[in-house]
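User: Could you walk me through this one, with the cut-offs spelled out as you go?

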Amino acid sequence: MSIRKKSETPLDTANLKIKKPKSQAAGIPAIVSSFNHSIRKMGVTRTVKTLSLVNQNEGFDCPGCAWPDPEHRSSFEFCENGAKAVADEAMTKTIGPDFFKTHSVSQLLSWSDYELNASGRLSHPMILKKGSDHYEKISWNEAFEMISNRLNELENPNRAVFYTSGRTSNEAAFLYQAFVRKFGTNNLPDCSNMCHESSGKALSSTIGIGKGTVTLNDFDHADLILVIGQNPGTNHPRMLSALESAKKSGAKIVSINPLPEAGLQRFKHPQDYMKANFASTQLADMFVPVKIGGDAALLQAISKIIISKNACDEKFIEENCLDFEAFKSNLSTVDLEDLSLQAGISVAQIQSLASLCIESKSTISCWAMGLTQHRNGVQVIQEVVNLMLLGGHIGKKGAGLCPVRGHSNVQGDRTMGIWEAAPEDFLNRLEEGLGFEVPRQHGYDVVHSIHAMENGDVDFFFCMGGNFLSASPETRRTGEAIQNVDFTVQVSTKLNRSHLITGKTALILPCLGRTEIDIQNGQPQFVTVENSMGVVHMSRGSLNPISNQLKSEVSIICSIGANTFPDDDFDWGNFANDYDKIRDLIENSITGFERYNERVRKASGFSLPNPPRDSLTFSTNSGKAHFSSNPLPRLDVEPGRYVMMTIRSHDQYNTTIYGLQDRYRGIGGNRRVILMNAEDMAQRGWKSRQLVDVTSHFGNSSIESKRWSIVAYPIPRGNLASYFPEANVLVPLESTADISNTPTSKWIECSLKSHEE
Ligand SMILES: Nc1nc2c(c(=O)[nH]1)N[C@H]1C(S)=C(S)[C@@H](COP(=O)(O)OP(=O)(O)OC[C@H]3O[C@@H](n4cnc5c(=O)[nH]c(N)nc54)[C@H](O)[C@@H]3O)O[C@H]1N2
Ligand SMILES: Nc1nc2c(c(=O)[nH]1)N[C@H]1C(S)=C(S)[C@@H](COP(=O)(O)OP(=O)(O)OC[C@H]3O[C@@H](n4cnc5c(=O)[nH]c(N)nc54)[C@H](O)[C@@H]3O)O[C@H]1N2
Ligand SMILES: [Mo]
């Protein structure tokens, strides 16, 4: 019997450095940091060549976040963290057969995520044979044969699961879901299930489209911008430029967040240093330090005040909305003082925030994981929609809903049909375009996939990018579940823990990254992506691939398609040779892509239709936008317990750890930390660096994780914060959001005790 491997990150707590948190984002340290990272990993020439092509019309889309590019681009259209993402992908160090001969899987498991990623780019297809502790070289053809054989041997297509992370291009995503559906399943979990699924569900049920309604241009016409549960200084740094510009045009900005995140306090545009302009801009006019999970109460309180002052846009509501009366009467049952207590914000501050909302003629609401990853993730976003509908802030210049997406093509992947529960009308159209039948039974999302693996219902697990193990909740249990699977395949650029905790047999298929030239059949190809605001545009790599063994994601899918369905009239080879053909197929299969090949070749691409924004049309059942009436979430925890959120540091991209410096928060050297309120610490008699053991609680079950260092931090009392992915071990698999089933990574009920060896 094989030994079950341990999936948790190593428990090292050494080298922790604590400084005062910063109040200003970007500036010279950011420039220095981006160039240091890049030059160390790629050398000077490759750095200049690469960074000068990020987000340019002729260049590649930054593999960092999904924030859109302005129409008039400067020659430096990237940020510190985008530069890190690029440098990390374009690094010249590679790992291949020799590396895996030297290092066994068991040995690599003792490395930190930082060390695994820093080891280099994956350069060769590799196989981990059943019972072996070393990956070995395998040819592409053998790998494709194995995959097709395994798939064709399955007793039922639903015993296969196909995950996607959000960097996959439109072309690859489209062919991938076509392959999966042709194979006969909708088991298409993706990172969205852990990310903005709550936004999609909340928006489609209220305004009839699962996307936001603003364009980048709207920022320059807004009176008020609410940034809720989002840390743009770290995760969407280019958004700070949009906020700075909005501010100069007169917008007020409010940050609603338990933490005083640096980017929203003061911002110094790195490019201004080159123009010798040293003044920084204070971005947020108001900081609202809401308690974790207190947003629903806060938003209801604001809506209640707006209604009580008769300050709603009655005409907009009358013409465009339903269910307003029910919403109003629901709010009449809640008490402002109670709401204030739940939110942890004084009635006076709520009133001033409500006044800002009333004074604003055009408001934009932005949000990210601080709202989506809660039990009431869908409902709290519906409260944001309520607030925007109250003031008529949809379909109007300078106003709208702005879920800020994560991965650079996560929105495009969904548009392409990476969706375990795609709607019937989408599948009907897809079927017509593809010319074969697609299954209708809904598939597994991420959490359902883990349960299915745990129950022995999955034999084959394919990952198009990502790091499923470390991104998912309850790491140890997810690790056990994955090890139940017979055969796992990872299409990847970099080594991560998911390559070490695998099915009984495992493959690594190394692929081209965004930065690299993609030549098929002698012709250079480009791919297309959709940004957070529904603009579809080209991305073309410019660097020589780091290994001649790499294949593009498209070509990998086409080979698997051709091998699995050898007698098929769906011409996989043809698509691999010419990506224009894939775009033609997309045009025939998905709404909004008319003249795709022509329009996407224009500088800046084209916008997909957005009926609420374009014409105040709402594709809900009633044809109107809906107000939602939701009960408030229960926020009380057992006495002596805390609520913990898991967040990103300034030196990581999701599970990829670039370095150990969370520069803005002043924490460095070690990531196994828990941010805690100083008064809560005093109550326990603790000082910073106190070692603790944490237990998370859900229902009757609990999970313990040992050796964490406490750091005093300005966070509301009763609240804690720790880093993703180290803390994922504590996120209970059963603790998911209503309706969206997103793991509640921002709400983990915990108890702490001094560490015992
Ligand atoms: N450099 C870099 N860029 C990235 C990523 C990365 O890891 N690194 N990840 C990408 C991805 S996939 C995504 S989804 C986005 C993530 O972008 P964010 O959503 O900004 O990422 P998180 O660090 O999860 O931060 C959530 C923020 O919500 C706050 N928060 C937590 N709980 C609550 C709450 O209950 N209420 C309120 N109001 N706020 C709360 C936290 O304090 C934190 O500031 O960024 C994308 N861009
Ligand atoms: N506790 C907690 N858990 C969370 C979150 C949280 O806030 N807290 N956030 C959630 C969110 S928002 C998200 S989006 C998920 C992220 O989940 P994932 O998307 O699964 O994780 P990543 O860390 O982004 O994946 C990184 C890996 O992707 C591969 N990769 C990079 N570029 C490419 C490429 O171009 N092609 C291919 N094929 N592979 C590539 C590399 O091998 C790299 O190691 O995590 C979720 N998990
Ligand atoms: Mo995400």
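User: Which residue forms a salt bridge with Arg375?

Analyst: A salt bridge here is a side-chain nitrogen of Lys or Arg within 4 Å of a carboxyl oxygen of Asp or Glu. For Arg375 the closest N and O atoms are 2.9 Å apart, and the partner is Asp738.

Quick ground rules: this is a predicted model, where local features need pLDDT of at least 70, side-chain atom pairs count only at pLDDT 80 or more, and totals for chains, interfaces and linings use all residues. Side-chain values use heavy atoms, leaving out hydrogens and water, residues are numbered from 1 along each chain as its sequence is written, and chains are lettered from A and ligands numbered from 1 in the order in which they are written.

User: How much area is buried between domain 3 and domain 4?

Analyst: The bounds, from an automatic or database domain assignment, are 197–404 for domain 3 and 642–754 for domain 4. Buried area is the accessible area (1.4 Å probe) that two parts lose on being put together, summed over both. Carbon and sulfur atoms give 61% of it, and the total is about 2100 Å².

User: In domain 3, which residues lose the most area to domain 4?

Analyst: Three residues together make up 32% of what the domain 3 side buries. They are Ile292, Gln373 and Arg375.
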